[in-house]
Each structure stands twice: as structure tokens, then as C-alpha cells.
Amino acid sequence: MAQWAQMKQLIPYLPTQALNELYPNSFPMDVRCYLANWIEEQRWEDFDLEKVEQEPQALSLLDQITSYLLSLAQQNPNVVERMRLQHISRSMSMMRSQPLKLVLTVRDVLRKERDLLSRTSAQIPPHFPPSPAQDPISVGPSTRDVDLLVLKVLEIQNCRQQIHQLQEELNWERQNYESIQGFGTGTLQQASTNGMDTGISEVTKLQNNIKQHEYNGQVIAKKRVQLLQDAVSSLESCQSRLISRIKAWRWEQHQATIGHPFDDNLSPMQTWCEQLLGVNGKLRQEVMLAGEPIPELQDRLGLLLQTLIQSSLVVDKQPPQVIKTQSKFSTTVRYLLGEKVAPGKPVLLKAQIITEAQARNLGQLGSVPSENVGELINNTAILEHNTSSKSTCATFRNMSIKKIKRADRKGSESVTEEKFALYFTTEISITGCDIPYRIQMISVPVVVIVHGSQDNNALATIIWDCAFSEPDRIPFVVPERVPWKQMCMTLNSKFMSEVGTQRCLDNYNQHFLAQKIFDKPDIAGDYSNMLVSWAQFSKEVLPGRPFTFWQWFDGVIELTKKHLKSYWSDGLIFGFIGKQHLHLILKDRPNGTFLLRFSDSEIGGITIAYVAPSENGGQKIQNIQPSTKRDLEIRSLGDRIRDIDFITHVYPDLPKNDVFRKYYTDNPLPSGTGYLAVSIQTRVGVRESHCESPQRSDTPQDNCPFFAMDQGNTSATSPFFPVSPQQTFPSSIQPVPVPMPGIYTDPLPDPNRLFSGLDMSQGSSTEMELEHILNTFVERPGEDV
């Protein structure tokens, strides 16, 4: 059962589709759960589909499974669970004609579980800290809890009916007794003297019956009161768990910003809300029908009703957490008791923006903030019921913040650290309730910016808030410092969710991130218990760099998400690694061995580090100039790697053409265009004419920098031709006796005469036009250049 115990911890983090694929209909997860111990004791690996002689043994295992399920069903007091177990047992019995198929399905499920656990054992604990939803009090009332509550209500109603029936019988007995008494005492005495004791015995019988009915009525009435008290207590317990689950759902929704798993399905909670509202109504009716008023129960039920009605408003689709003024956005608010809203006047919801201080002053029944700190456009919406989805929502479309009033800032605090929230209010009437209820809810924290340049710093504020806030915090309090291991989980989770990959940051990557944020070059250090401050994360620039840690890390995320996702997921990018560690792992590798790492000095850059021969016959590690997002838009990483001949094997020793071949692209011109094909190639440039491109074990390439393909880099020499776009060209060109890469000293021919398709008379040419010129020189045979 040890394997299933681990799977139970992992299952809450798996998406529904993954669970459906892991546990097929022929072997549902219910069976895996109920028979976990027995399943893990069997020898499933011994079976093979080709061994027909194993069918009797497989059939025996199948019969044991169905027998165990039926036995569990008979012992289960919950009707729904009992019926489900019986249904599963019948379904599995239908596989008696193919017992080997079922046995192999179980075997494959166990294999997949082991594989999943091995791949995620190092990921799940760091990725996702324990969620409050894992706490039993936060999982919401179970179907069994609600069923038991309904049964208690039925028992209370049965008691009331018994009391009513006893009262009718008591009234009848009393009527008979009074009618006999109407004969008078003398008549009864005379009948007794004559030996006729029938009348007296009848009276005695009636008297006894009346006493018995009165006693039974008192017993049942007392029992009914006790049942009412028990039912109200059970309702309080169920509702408390439901509200805790709703709060946990909101917290999980907040955590989803940094990549934590989140199930946005509100239907189960809506069902529980409606069921508990129905139970509350029936109990209030039973209390009213009691013989004597029970003020205590009436007050408790009234408070439960108010709390349930006011807790059922949730922000189904949160607004963007970084909002630019004058920009449109939308958000959706859902009411879980929408089907119980009294018909008639439409329910109008209003939104306003509030500050962190105003959010702190709001209680569940708090008043509307008096000061208006921002002007919201399109800030009202009607609560509408969707019959197909059975949801009742108000969608605020095309909402925008026209202006915002800032609070006074302290010290070095910037506007991107100031948190706001959207505050939703309405008044609602529920069918069966005498008075309307005022309900309210706030959104997750948002940061309001006025310019796109503030977006990165604002996102840092949101990330810190999402990652390190407590579920029941005072809005919007977060710690100033957090342990590195907690920060590392957040970075890992955010990276994986934003890039959309299952490959996590390994220990090498995480260690280098710690070195960078703490400015600690020692690769042997242990940083797990060190504290990271908010300033180190997002406010202080890194030593020797013009950017913060978050700006640098976010740049890597953007680059990987847009251009390197497949490379990263395939394990072709080493990722975050320091130069000290880089030299350590590459020092004994053959020349031409390379790896891909994220640039340490540029935001959003990836570089190639490779082993090259040195002048003294040894080896050295060279780093090619980083490729940025703009560079990779011009030429992909795979094609760049193909272009560079002297890098031959990916670390540790994989031939580059084997692992990168699927990323190579060829883009020939369509036939019939009349143009000669032009291609762009990456070249690691040379400054000295005697420096040749190195091979895996040939002459070293010293002083041979990588010429960037970024056309906006005016200081870099072009990789496409040996001149800079800023140089002017004379009118003619003569052969140069000695090659001088990077310098042309003689004039070029008239470009307008040579290339009629390009007008070169309007100023300096673009780099792509010059590239076209040079390629045409090369492609035209018979012309000397």
C-alpha cells in the first residue's frame, strides 16, 4: 500500500485528463483505492498477454476483485457509494471473457504510477506546498455528510407526524372519555351494583390510554427536540466545512498565478450550498411547527442562513492582477445560490476599486468604503442565470480604470508595490426568506500601472503576494523575507507553468539561482535555509548588472516560452549554470563539446559554451555571444547550432546532428519566382585573417567572438557580411590583395546600376538589403567582386 500512499499525495496535483488516462474505465480509481493493499501484494508483472495458460489465474484474480467489491458494498452505509461499488463490480464481471486484458491493465496502471512517482518525487514537494484543501476541514462536506443530514431531517419530520397521529388518537380517547362521563356518576354506580362492570372497565381503559398517549407524545416530542438540536449542530459542522472549502478554493485560485494546480470547477460547491440551504429551510419549518418556540434554534438557524447566503458569492474569473489604466479588462462574479434567488427585480452588482487599507477594514458584514480611490468605467453588471451550465453569473465586460488615487508612499516604496482590489456588492433576496441580504466580495490583489514599462516590477509584486501569502491573512499582508527553499519552489513552479513544460529546474539550476540572488560564487554552499528579502528579489540590482534578479529571471521565462520551449522540454538546454560550475563539468570533455545555458549578463539571452583548444595545446571554455529573442526571430536556435561546424557534441557526448536534426529548417524560395535563393547563416566571426574556424580537435579559435544577429546592435559587426551597416560605400570596388575581414577600403560599383530592384539613393541601406547585395555578388557567375 506504500505506492498508493504516495499516489494519494500526488493525485491532488494531477489534472483531470491525466487521471482519466491513468485510471481507465475498466480499472477505475475507486478500485485502486478500496483494494490498494491487496492489489500491491499480487504478482501482476508475471502475466503476459501471449501466455494463454495464465487465463485461469487471471480469472481467479478478477473474481477476487469483484467479490471484494461486493463485500465492501454490503458493508458501506452510504447508499450512493454502495450503489457505485455494485455498479463497478458488475462492470468488471463483464470482463470474465478477457481476464488477461484486465490483469494487464492493472499491471500497466501500477507501472505508470511508479513512473509518475519517480519523475515527480523530486518535483512535487518543492513545487507545491501543502494546500489548505488537503486539510480535512477544508475539503467540504462529503456526500455522506449531506445524506446523513437529510436522514436526520426525515427522522424529525417522522417524529412530528407521529406526534400528530398520537394527538389525534389522544383527542379521540378524550372525546370517548368525556362522552362516558356524560352519563353521570349515579348511572355508573348502578351498573356496577347490578354486576355490570363493563362501563367502569371501559372508563379505566380510556384513562390508561389517555395517560399512555400523553406519555408517548412527551417522549417523542422530547426526542424531536433532541433531533432538532443534533441536526442544527450537524448543519453547522457541514456548513463550516463548506465555507472553509470555498475559502480554500479562493486561495488555490490565487496560488494558480504562480503555477499551482487549481480545479476551477464550482459545481460541487454550488450543489452543497443548495443542499444546505434546503436543509436549513426544512429545519426552520420544523422549529416553527414545534409545540413550543425554541428561540435558541431559531437564532442559530437564522445565523447559518445569513452566513451561507453571504458566503456564496465568489469571483469566478479574476481580473488581471496587473491592470494598466485606460485598458479594458473583464471579470466574472458567480453566485452559488443563484437558482434560489427570488424572481422579480434583476440583481445588479456594482464594482469599485479599494486600497489595501480599505480592504483590511472590511469584514464579512463590513460597510462600503466611503472614499473613492479610483474611477471605474463599466462597473455594473446584471446577475444572469445560465440554464445549460446551471450557473448564475455577472460578467463585467470592457471594464477599465480611468484614474487612480495613490496613497502616500514610505521610503523607497514604488507605485508598483501598491496593491488594490476590486470590491463587489449587491443586495439579494432568496426564495423563502423574508428579508433581502447585502452581500460583498473582493478580488485578489491587483497592481495598477500607467505605463507598460512598469509591468515587470508590478508582476514581481503579484508573484511575491501569491507565493508567500497565508490563506487567512489580513489583506494583503506578506512577509518581508522568506526561506530560499520556499522561493526556489516558487521560481520552479512559475517557470514550468509559464513555459508550459513538465521539465522542472534541476538541482544545478536551483543552486545557480541561489548563487545569483545571494551573490555567492561558491558552488559548494548550502543556501536552503538562507532568507531572501523582497528587496533582493525585485528592488536591488544584481552586482555589476543594470537589472534586478526578477527582471533577469522573467526575461529567461519569456525567451524560453516563445522560442525555446521544445528545446527545454527535450532536455537540450542545460539552463542556469555559473561559469565556475561550467568549467568544472566541461574541463575533461573533447574539443567541440558544448552546452546551452541562459546568459548571466543579459536579460533573455541564451549562449553556447563549448570546449576549444588553447594556444599551449590544452583546452579552454569559450562562450559565444548570447542570442536574444530578436536574434531567434531571425534564425532559430537549431539552425544556429547547425551553422557552427566546430561545435559537434552536446554535453555529455551526444552528436548534435542526432539530437537537433528535428529543429533544422530549410526555407527554399517557391519555384517560379524568378529569384535566386538567399539564406541566412550564423558565423562565429574572426578579427584576424589567420584565424580559421576550428574543428573538434583542430586549431584553437582564440579571439574569435560570436557576431550577433541583432540588427539593432549598432556596435556589433554583422554576421551576414564583413562590414557594419553604418559604414558608407564608395562608388567602385577593386580586388584587395590581402583578405581583410570586416574592412572594405575600396569603393563599390553604383548599387542602383547593379541592382535595379533596390533604390539605394535614399540614404544608408538596411542590413538585409546589404545582405541581399552580397549574396547576389556571390550568386552571379562571371562577375568579379
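Let's begin at Thr392, which is found in strand 8 (residues 391-404); strands here are DSSP runs of E with at least two residues, helices are runs of H or I with at least four, and both are numbered from the N terminus. This is a predicted model, in which local features need pLDDT of at least 70 and side-chain atom pairs count only at pLDDT 80 or more, while totals for chains, interfaces and linings use all residues. Residues are numbered from 1 along each chain as its sequence is written, and side-chain values use heavy atoms, with hydrogens and water left out.

Thr392 counts as buried because its relative accessibility is 4%, where buried means under 20% relative accessible area, exposed over 50% and partly exposed in between (1.4 Å probe, protein chains only). What does the side chain of Thr392 make a polar contact with? The partner is the side chain of His385, at 2.8 Å. A polar contact is a pair of N or O atoms within 3.5 Å; within protein, one must be able to donate a hydrogen and the other to accept it, and residues adjacent in sequence count only if both atoms are side-chain atoms.

Now to the aromatic rings. Rings of Phe, Tyr and Trp (its six-membered ring) pair if their centres lie within 6.5 Å; planes under 30 degrees apart count as stacked, over 60 as edge-to-face and the rest as tilted. This rule gives 31 aromatic pairs. Trp464 and Phe537 have ring centres 5.7 Å apart and planes at 45°, so their pair is tilted. Trp464 lies in helix 15 (residues 455-468) and Phe537 in helix 18 (residues 534-539), so the pair links distant parts of the chain, 73 residues apart.
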